[in-house]
Amino acid sequence: NLSYQGDRVLPFENNQSYQTNMTSILRRPVDLFIIIIFTNFLLIAITIDYTQTLYGSILAEEDLDFGIWPPAPILRAYAWWCEKVDPLLAHNPLWYSTMAAFSPFLYGPFYVVAIYAFLTEKEWIRIPALMWGYGLILSMIVVVREELYGQYPARDIPLFLLAYGAYAVMPVVVMARVAHLPVFSKPNKKKQKKRNYVILMYLIIYTLLEYIMRGKEVTDG
């Protein structure tokens, strides 16, 4: 195990206090928000993205094959989204379903590990988090371009951008969060606290807008 002091990497035993003085997650609002979002991403990965990986085209609810997993309400919501908002997802070409497989089988395990790491302040999460952020940004560039200008453009552009926005915003937030070493240091508590709350308020506002739009989507449906 390693710890950090300035620019030097030190053995664990030379800096016992760093590990024993771990800050409560309740006092790290940005990290708490990241954990909440990763939990949400994990649930989507093992339901929606899992469905996209295994199913072909879903042009209507009649195309669904109900089984044990994912649950029937998830499949019906998936079919509704395909029909009303996202024709690209409805047709689900091979390249798209292949990219979707990254979510449950690659990103899913990462979310589990990252939730633990941010909860317990593990420095080793930095490189995996940067790799995840970079990979997801590249995927989102491809998907958004195809959804806006491709063969099957989204029917409701604002709703699509709002629903997928977290996947564009969170990689930037997480990469910025782990950009400097040590990741979980507390060099200036007042400055760090102010920065954390500014980022947190931005993320909360964005999340509230997203859930309002999703509520409107369900009502209109």
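A search of the whole structure turns up 13 aromatic pairs. Here, rings of Phe, Tyr and Trp (its six-membered ring) pair if their centres lie within 6.5 Å; planes under 30 degrees apart are stacked, over 60 edge-to-face, and the rest tilted.

Take Phe38 and Tyr111. Their ring centres are 5.4 Å apart and their planes stand at 40°, so this pair is tilted. Phe38 sits in helix α2 (residues 29–54) and Tyr111 in helix α5 (residues 94–120), so the pair ties together parts 73 residues apart in sequence. Helices are DSSP runs of H or I, at least four residues, numbered from the N terminus. Both Phe38 and Tyr111 are buried. Buried means under 20% relative accessible area, exposed over 50%, and partly exposed in between, with a 1.4 Å probe and protein chains only.

Before going on, two words on the source. This is a predicted model: local features need pLDDT of at least 70, side-chain atom pairs count only at pLDDT 80 or more, and totals for chains, interfaces and linings use all residues. Residues are numbered from 1 along each chain as its sequence is written, and side-chain values use heavy atoms, with hydrogens and water left out.

Next, Tyr116 and Trp124. How are their rings arranged, stacked or tilted? This aromatic pair is stacked, with 6.4 Å centre to centre and 25° between the planes. Tyr116 has 42% relative accessibility, so it counts as partly exposed. Trp124, at 44%, is also partly exposed.

Now the cluster. Phe38, Phe41, Phe110, Tyr111, Phe118, Trp132, Tyr167 and Phe184 form one aromatic cluster.

Look at Phe110 within it. Phe110 lies in helix α5. Its relative accessibility is 11%, so Phe110 is buried. What does Phe110 touch, leaving out residues up to four places away in sequence? Its partners are Phe38, Ile125, Pro128, Ala129 and Trp132. Contact means heavy atoms within 4.5 Å. Phe110 and Ala129 are 19 residues apart along the chain, and their C-alpha atoms are separated by 8.4 Å.

Last, the helix crossing. The axes of α2 and helix α3 (residues 72–84) come within 10 Å and cross at roughly 65°. Axes are lines fitted to C-alpha atoms, for helices over the stretch in contact, and angles run from 0 to 180 degrees between N-to-C directions. From α2, the contact uses Thr47, Ile48, Thr51 and Gln52; from α3, Ile74, Leu75 and Tyr78.

Conventions. Helices (H or I, at least four residues) and strands (E, at least two) are DSSP runs, numbered from the N terminus.
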